[in-house]
Amino acid sequence: MRPYIREKKSFTFDEVPENTCFEAGYLTTVNSGWRSIRPAVNSEKCVGCEQCYLYCPDGVIAINDGKAVIDYDFCKGCGICAKICRIGAIEMEAERK
Amino acid sequence: MKKFLSGNEAFAEGIRLARPQVISAYPITPQTIVVERLSEMVEDGSLNAEYVHVESEHSALSCAIGASAAGARAFTATSSQGLLYMAECLYYAAGGRFPIVMMNADRSTALPWNIYGDQRDSLSQLDSGWIQAYAENAQEALDLALMSYRIAENKEVSTPFMANLDGFVLTHTYETVDIPDREQADRFLPPYETDNRIDFENPKNMAFSAGPDTNYIFKYKEHEGILAAKKAIIDTEKEFAEIFGRKYTGLTENYRTDDAEYIIVTLGSIAGLCRETADKLRENDIKAGVVRIRYMRPFPNEEISDVLRNARAYAVLEKDISFGNEGTVFTNVNSALKKTGLNVKGYNYIGGLGGRNISAADIEKIYTDIAKGTESVNFIGIGGEDNGK
Amino acid sequence: MANKVAESISREEFFYGHKACAGCGGSLAVRAALKVLGPNAVSVLPAGCMSAVGFNFPQLCFSNNSIISTFAGTASMLTGVEAGLRARGYKDFTAVGFAGDGGTADIGIQALSGAIDRNDNIIYICYDNEAYMNTGIQKSGLTPFGAKTTTTPAGKNIHGNIRPKKNMFEIAAAHDIPYAATASVGYIYDFIQKVQKASQIQGTKYIHVIAPCPTGWGVAPDETVEIAKEVVDCGLWYLAEYENGGFKLNHKPKEFTSVESYLKKQGRFRHLTDEDIQVITASRDKKWEFISKNFVI
């Protein structure tokens, strides 16, 4: 479970809350547009050690079936994962526009 | 039960009956007695609350906001410099719609330093979004303490409440006060329930930012909330009268105004002397009346214009000045009349700053001066040889 | 290949979709700590980077209960939240604050001192990126000697900031706080363990975590973790704890790496002269002399 993108993105007068209290983890925009480079996981090499998962500032890496999987909606392409990976299983590639 | 209590003590009794769950306060003269009494009540077990010894007024209100965000009923108290020191948090509490109650012992603001009563502290914060009530005596102070939570926590209102007591004149003066009984108080004021809180079943993000598209809407709704307090005050007082037998009169309290030609509009404890003076003048066929403003926010625009409608002249007597202009209460009262197109002649009397005495003779002179016509803004006794002694 | 640390913390993400700069060390600290504390953490964040990037209605990036405090009011609001929830009968929650270096060592130090003095049951985490980054890299009380910021420009006359960092860790310890620790996002395992430990201790807990800001430090976004590790390895920062009245060093580098190399990698220190670097190295050695005398190693 993590905050996720909601359908409803804009709020009319009546829908704006009466107070500054609203549902936690309510996302309306992604961060994918920030990237100029993107991490690519080489599943052959990845051993699922979870270093990249632990060090990702955006929490966009999950380990699925023992391999790192990236949520490209929210990855900003900082490159920490590629640098932290001791076995070179993640490489930064030019962002495909 | 009747007891001989000071204004501060009476207010503390009212707060005990209101059962706040978190109290955070920092001592400042002349507020100290109220927090001393409350800490004694926590010690002796007659009040089941967390008493937090904060290290400043800013933290006092910040802590109260945190407690309110947790869904708890919160109380704080301050005065003067302390109110100014927590000013940032005043706006924060109002914007977050946290129905915190605060007692403010109205006191002069430095410089020069002075511990005595005037109303420049609270009146400087009229725009902070808090309901502002001004008590006249210890009984009203106690009753306000109990009513304040009902009004602030009303779902339509959800606005913090500042109860103002004139420093020393009210906070330290002893009167016989009737203390409501516990069962009746509990019947009058149920526990605080709100959705504006931390919720482990449905987690919340609170006190967030809002950009230009919605910020304005939040602010508009904040305004609607404090305006809704007008009805909540009337309804609460009605129910209060039914249970406790004491009647209050909403945002203003009028005295002999029905046929009055000359009316003093004022707030706080000086109103008593104004009423006595009006009685005396009426013996000399001067039709004098008094309007005591009980609530400065929400402001009693309609009540003020209705009561002044048929007067020949009115004077606004206040312990305040907005430097470079005039007394703030005067500005507000004039605005109320202007909005209804009334053109009653009005005068401003500024006095009592730094606790300087306002005498019966001063008040009598206000009535006689406005009957003749005088300066628009007048300073009671300034330049006089006796310096207010 | 099981990672024991990863297994020991929540798989959920509690700080997600935020608008922090790429490679933000502060967001890594907040994310990791919340994964330790879990869904019943109530976070309080003052005005600053993490609240600015995480709380813009309707984009609200914390999935746990979270609230922004006034800039000076992180600790006092934590106190209120903790007291309020306790008064309402809740027991199973953690009130945790995340404030930056300015919010902690400058404007928030009074409220923090008050909370420690009362021994309120809260965790206060200072994510230290060594300047007011949210407002555009101005000097704070935790900006190190020699750092160039937008208010401590490096010119011919003055070479950036002329004062060393305040020692918030020892200031917290001087209150005889139940638990205080230093950490770095470069040593995330150590940080995670310290948050775990703090969550088991009654009373006030203070954790000071170095959290590099690539934007303000003048390093590439992918260097955050390395530079946060290097500051420890070269001895300009240290990993330690204060508990039961005593200091303990958690990690002693066998040999310090080069201070000069650490400094010269960063835009904010690039102007420093050999003499400046000597001053910094000498102050490091003095600090370690103190540590060797006063800390259990």
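Predicted model: local features only at pLDDT ≥ 70, side-chain atom pairs only at ≥ 80, totals over all residues.
Residues are numbered from 1 along each chain as its sequence is written, while chains are lettered from A and ligands numbered from 1 in the order in which they are written. Over all chains, a search of the whole structure finds 59 salt bridges, a salt bridge being a side-chain nitrogen of Lys or Arg within 4 Å of a carboxyl oxygen of Asp or Glu.

**Form of chain A**

- Chain A has two helices and seven strands, where helices (H or I, at least four residues) and strands (E, at least two) are DSSP runs numbered from the N terminus.
- Along the sequence, the elements of chain A follow the pattern β-β-β-β-α-β-β-α-β.
- The radius of gyration of chain A is 17 Å, well over the 13 Å that the globule rule gives for 97 residues, so chain A is more spread out than a compact globule; the radius is taken over C-alpha atoms, and the globule rule is 2.2 Å times the number of residues to the power 0.38.
- The C-alpha trace of chain A spans about 55 × 30 × 20 Å along its principal axes.

**Chain A against chain C**

- In this interface 38 residues of chain A are in contact with 44 residues of chain C, contact meaning heavy atoms within 4.5 Å.
- Chain A and chain C bury about 3,300 Å² between them, with 56% of that area on carbon and sulfur atoms; buried area is the accessible area (1.4 Å probe) that two parts lose on being put together, summed over both.
- Tyr53(A), Leu54(A) and Tyr55(A) supply 20% of the area that chain A buries against chain C, more than any other three residues.
- Three salt bridges are counted between chain A and chain C, and one joins the side chains of Arg11(C) and Glu50(A) at 2.6 Å, N to O.
- There are also 27 residue pairs in polar contact between chain A and chain C, both residues at pLDDT 80 or more; a polar contact is a pair of N or O atoms within 3.5 Å, where within protein one must be able to donate a hydrogen and the other to accept it, and residues adjacent in sequence count only if both atoms are side-chain atoms.
- On the side of chain A that touches chain C, strand S2 (21–23), strand S3 (26–27), helix H1 (51–55) and helix H2 (80–84) of chain A each supply at least two residues, and H1(A) gives the most, with four residues.
- By class, this side of chain A has 22 nonpolar, eight polar and eight charged residues; Ala, Val, Leu, Ile, Met, Phe, Trp, Tyr, Cys and Pro count as nonpolar, Asp, Glu, Lys and Arg as charged, and the others, Gly among them, as polar.

**Chain C against chain B**

- The contact between chain C and chain B takes 36 residues from chain C and 36 residues from chain B, and the two chains bury about 2,900 Å² between them, 59% of it on carbon and sulfur atoms.
- Two salt bridges are counted between chain C and chain B; Arg86(C) forms a salt bridge with Glu50(B), with the closest N and O atoms 3.1 Å apart.
- The interface of chain C and chain B has 20 residue pairs in polar contact, both residues at pLDDT 80 or more.
- Strand S2 (55–57), strand S4 (66–69), helix H4 (74–87) and helix H6 (109–118) of chain C each supply at least two residues of the side that touches chain B, and the largest share, 10 residues, comes from H4(C).
- By class, the side of chain C that touches chain B has 18 nonpolar, 15 polar and three charged residues.

**Domains of chain B**

- Chain B is divided into domain 1 (2–244) and domain 2 (252–379), with bounds that come from an automatic or database domain assignment.
- The C-alpha centres of domain 1 and domain 2 of chain B lie 27 Å apart, and 28 residues of domain 1 are in contact with 29 residues of domain 2.
- Domain 1 and domain 2 of chain B bury about 2,300 Å² between them, 51% of it on carbon and sulfur atoms.
- Six salt bridges are counted between the two domains of chain B, and the side chains of Glu237(B) and Arg294(B) meet in a salt bridge at 2.6 Å, N to O.

How values were computed
Heavy atoms only, no water.
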